[in-house]
Amino acid sequence: MVGWILGKLKWLTVLCAIGGPILAFACWQDGNRRRDVMAMGIQTEATIDSATRVKRRRGGTNYKLDLSWMDRGGLRHKAEGVTISHALAAQIIVDNQLASDRLPIKYIAGEAGSRRADDNVIILNDTAHQERTDQELVYVGMGAGVVGLIGAALFFLPWRRRRDAVAA
């Protein structure tokens with residue numbers, strides 16, 4: 001039983017050594033994208049076309065919005081599946097009804113026909129929460145990577161391996 005647990009722990013350290021830096025980099029990149037949109041984006045009011053609550057099998061819940069807005073030139077833009085925090089969802093969705101139909105957003109106009117237009121949209125009411133989450137996950141990812149590297153080094157060092165007894 002102890003050997004089984006140590007075997008799982010050994011591979012968990014390898015997973016942390018690889019996955020931690022990947023998580024940290026992804027969240028760092030998301031934070032940079034958000035700062036770019038805040039600095040260079042165009043502020044407007046977006047209409048909430050729909051709100052979706054996605055419940056995962058293991059109990060997690062995500063909230064996503066489909067937004068649309070008109071730019072200064074009169075061109076209509078859409079962003080689908082924009083993730084929001086639970087706190088903002090509690091303000092927008094009350095008793096399974098939309099309490100608000102408009103939100104302030106900032107966006108960077110993408111190319112026409114861009115498949116991921118929602119990457120360049122941030123909801124201003126939710127920016128502080130999203131930035132805090134990204135910053136925390138950068139630290140969590142770096143910490144998991146360091147713990148994973150140290151653990152993997154300890155598990156995979158040559159002196160840890162048993163040497164078979166040599167018959168005399």
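This is a predicted model: local features need pLDDT of at least 70, side-chain atom pairs count only at pLDDT 80 or more; totals for chains, interfaces and linings use all residues.
Colleague: Why does Ala26 count as partly exposed?

Modeller: Ala26 comes out at 42% relative accessibility. Buried means under 20% relative accessible area, exposed means over 50%, and partly exposed is what falls in between (1.4 Å probe, protein chains only). Residues are numbered from 1 along each chain as its sequence is written, and side-chain values use heavy atoms, leaving out hydrogens and water.

Colleague: Which helix does Ala26 lie in?

Modeller: Ala26 belongs to helix H1. Helices (DSSP runs of H or I, at least four residues) and strands (runs of E, at least two) are numbered from the N terminus. The protein chain has 3 helices and 7 strands, in the order α-β-β-β-α-β-β-β-β-α from the N terminus on.

Colleague: How far apart are Ala26 and Val138 in sequence and in space?

Modeller: They are 112 residues apart in sequence and 8.2 Å apart in space, C-alpha to C-alpha.

Colleague: What makes H1 roughly antiparallel to H3?

Modeller: The axes of H1 (residues 2-40) and H3 (residues 127-156) come within 6 Å and cross at roughly 150°. Axes are lines fitted to C-alpha atoms, for helices over the stretch in contact, and the angles run from 0 to 180 degrees between N-to-C directions. Under 35 degrees is roughly parallel, over 145 roughly antiparallel, 65 to 115 roughly perpendicular, and the rest oblique. Roughly 150° is over 145, so H1 is roughly antiparallel to H3.

Colleague: And what residues make up the contact of H1 with H3?

Modeller: They divide into 21 nonpolar, 9 polar and 5 charged. Here Ala, Val, Leu, Ile, Met, Phe, Trp, Tyr, Cys and Pro count as nonpolar, Asp, Glu, Lys and Arg as charged, and the others, Gly among them, as polar.

Colleague: How do you know that Arg34 is buried?

Modeller: Its relative accessible area is 5%, and that is under the buried cut-off, so buried it is. Arg34 lies in H1 and touches Ile122, Thr127, Gln130, Glu131 and Asp134, not counting residues up to four places away in sequence. A contact here means heavy atoms within 4.5 Å.

Colleague: Why does Tyr107 count as buried?

Modeller: Tyr107, in strand S6, has 5% relative accessibility, so it falls under the buried cut-off too. Leaving aside neighbours within four places in sequence, its contacts include Val37, Trp69 and Val121.

Colleague: What is the largest nonpolar core made of?

Modeller: A nonpolar core is a set of buried Ala, Val, Leu, Ile, Met, Phe, Trp, Tyr and Cys residues joined through side-chain atoms within 4.5 Å. The largest one has 18 residues, and Leu65, Leu67, Trp69, Ile84, Ile92, Ile105 and Ile123 have the most contacts inside it. Among the elements giving two or more residues to this core are strand S2 (61-70), helix H2 (86-92) and strand S6 (102-107). S2 gives the most, with 4 residues. Ile105, for one, touches Leu67, Trp69 and Ile123, among others. In soluble globular proteins, nonpolar side chains tend to be buried together.

Colleague: What makes phi of Asp95 and phi of Asn96 worth a look?

Modeller: Phi of Asp95 is near 55° and phi of Asn96 is near 60°, both positive values in a residue other than glycine. Most residues other than glycine have a negative phi. Asp95 lies in the loop between strand S4 (93-94) and strand S5 (97-98), and Asn96 lies in that loop as well.

Colleague: Are Asp95 and Asn96 buried or exposed?

Modeller: Asp95 has 71% relative accessibility and Asn96 a relative accessible area of 59%. Each value is over 50%, so Asp95 and Asn96 both count as exposed.
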